[in-house]
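Subject: The structure I promised you

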Amino acid sequence: MILPDVRASFGRDDAARLVYLLTREGEDRTRLEALVSERGIDALLDHPKAPGALAAEPGLSALPLALFSYVALRHSLLEGGVESRLMADYVTSIFLHFAREARAHRIAEYDDCEYRYLVDLMAEIAEADGRRGFLLSAHLGNFALWLSGLYPDWICTRERRRAGPDLGYYEAMGQTGFSMAADAPFARRQQLDGCYRDAAKTFTALRVALNRFSDRFLTPRPASPVDRLLRQVVDDFEARWLQA
């Protein structure tokens, strides 16, 4: 089960690293250390210069992946108006877990079954109950967010060339998965129902934030720049319309 526990893993070494990098960006060390004393490490993680400071580090590959991912995704979510640290934590946790081999296709670390399609998860949810039903529902949300968040260009290409499902399909499936997970008794016992409910409610914003993260850091040179630009324009227009 994927938990929103990345932020809690940061310690003094991470804070010291951020202070050092922000100082190189022109920030005053004494002021930064005072902020940490007053507000904790969130003062550094949420610092407007934190993403640029981390990305500018010559030894970027040596940075802790969890730290870089959380900061980049946190600020990407803030760009889209999602201020919840819980959502930043959970989205980062999905990204880190699914970066492991085949984990994105399993509902748990050591589950024997692999799922390649959202429709297969939906079909099994209809037959499952109890803890497995909950895990299948949560994974449907996680998997839909991971696919639509990190591989939007692939989805758009398949839609155009092979009449595959569009991003709206992945959003609907993901929202359904998170909503079902939130209603499961197991989620309430683990105090995760609020997390899943928020993920369902803000799914589109989470997807767009992951798109920004992917566009900037994972695939900065798209195979089809025009398709990417069109997707970004549509997302920006819809975001402004929703906020109006």
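Which residues in α8 meet which residues in α13? From α8 they are G141, A144, L145, S148, G149 and L150, and from α13 they are F203, L206, R207, L210, N211, F213, S214 and L218. By class, that contact of α8 with α13 has eight nonpolar, five polar and one charged residue. Contact here means heavy atoms within 4.5 Å. As for the classes, Ala, Val, Leu, Ile, Met, Phe, Trp, Tyr, Cys and Pro count as nonpolar, Asp, Glu, Lys and Arg as charged, and the others, Gly among them, as polar.

Before going on, a word on where this comes from. You have a predicted model, in which local features need pLDDT of at least 70 and side-chain atom pairs count only at pLDDT 80 or more, while totals for chains, interfaces and linings use all residues. Residues are numbered from 1 along each chain as its sequence is written, and side-chain values use heavy atoms, with hydrogens and water left out.

**Helices that pack**

Two packed helices are described by the angle between their axes and the distance between the axes. The helices are DSSP runs (H or I, at least four residues), numbered from the N terminus. Axes are lines fitted to C-alpha atoms, for helices over the stretch in contact, and angles run from 0 to 180 degrees between N-to-C directions.

Back to our pair: α8 covers residues 130–150 and α13 covers residues 203–218, and their axes come within 7 Å and cross at roughly 45°. That makes α8 oblique to α13. The cut-offs are these: angles under 35 degrees count as roughly parallel, over 145 as roughly antiparallel, 65 to 115 as roughly perpendicular, and the rest as oblique. The crossing of α8 and α13 is right-handed. A crossing is right-handed if the near helix is turned clockwise from the far one by less than a right angle, and left-handed if anticlockwise.

α8 also packs with α7, at an angle of about 160° and with the axes 9 Å apart. So α7 and α8 are roughly antiparallel, and α7 passes α8 in a left-handed crossing. On the α7 side you'll find L118, L121, M122, E124 and I125, and on the α8 side R132, L136, S137, H139, L140, F143 and A144. Sorted by class, this contact of α7 with α8 has eight nonpolar, two polar and two charged residues.

How are α6 and α12 angled to each other? Helix α6 (residues 85–98) and helix α12 (residues 193–201) pack at about 90°, with axes 10 Å apart, so the two are roughly perpendicular. L86, M87 and Y90 of α6 meet C195, Y196, D198 and A199 of α12. That contact of α6 with α12 divides into six nonpolar, no polar and one charged residue.

**Two arginines**

Look for R228 in helix α14 (residues 225–243). Is R228 buried or exposed? R228 is buried, at 6% relative accessibility. (Buried means under 20% relative accessible area, exposed over 50%, and partly exposed in between, with a 1.4 Å probe and protein chains only.) Its side chain makes a polar contact with the side chain of D153, at 2.6 Å. A polar contact is a pair of N or O atoms within 3.5 Å; within protein, one must be able to donate a hydrogen and the other to accept it, and residues adjacent in sequence count only if both atoms are side-chain atoms. Apart from neighbours within four places in sequence, R228 is in contact with D153, D215, T219, P220 and P222.

R103 sits in the loop between α6 and α7 and is buried, with a relative accessible area of 4%. The R103 side chain reaches the backbone oxygen of R106 at 2.5 Å. Not counting residues up to four places away in sequence, R103 touches M1, I2, H97, F98, A108, E109 and H139.

- A102 is in the loop between α6 and α7. Its phi is near 65°, a positive value in a residue other than glycine, and A102 is partly exposed at 23%.
- Q191, in the loop between α11 (185–189) and α12, has a positive phi of about 60° although it is not a glycine. Q191 counts as exposed, at 70% relative accessibility.
- A56 lies in the loop between α4 (50–55) and α5 (65–79) and is partly exposed at 44%. Leaving aside neighbours within four places in sequence, A56 is in contact with R24 and E25.

Happy exploring!
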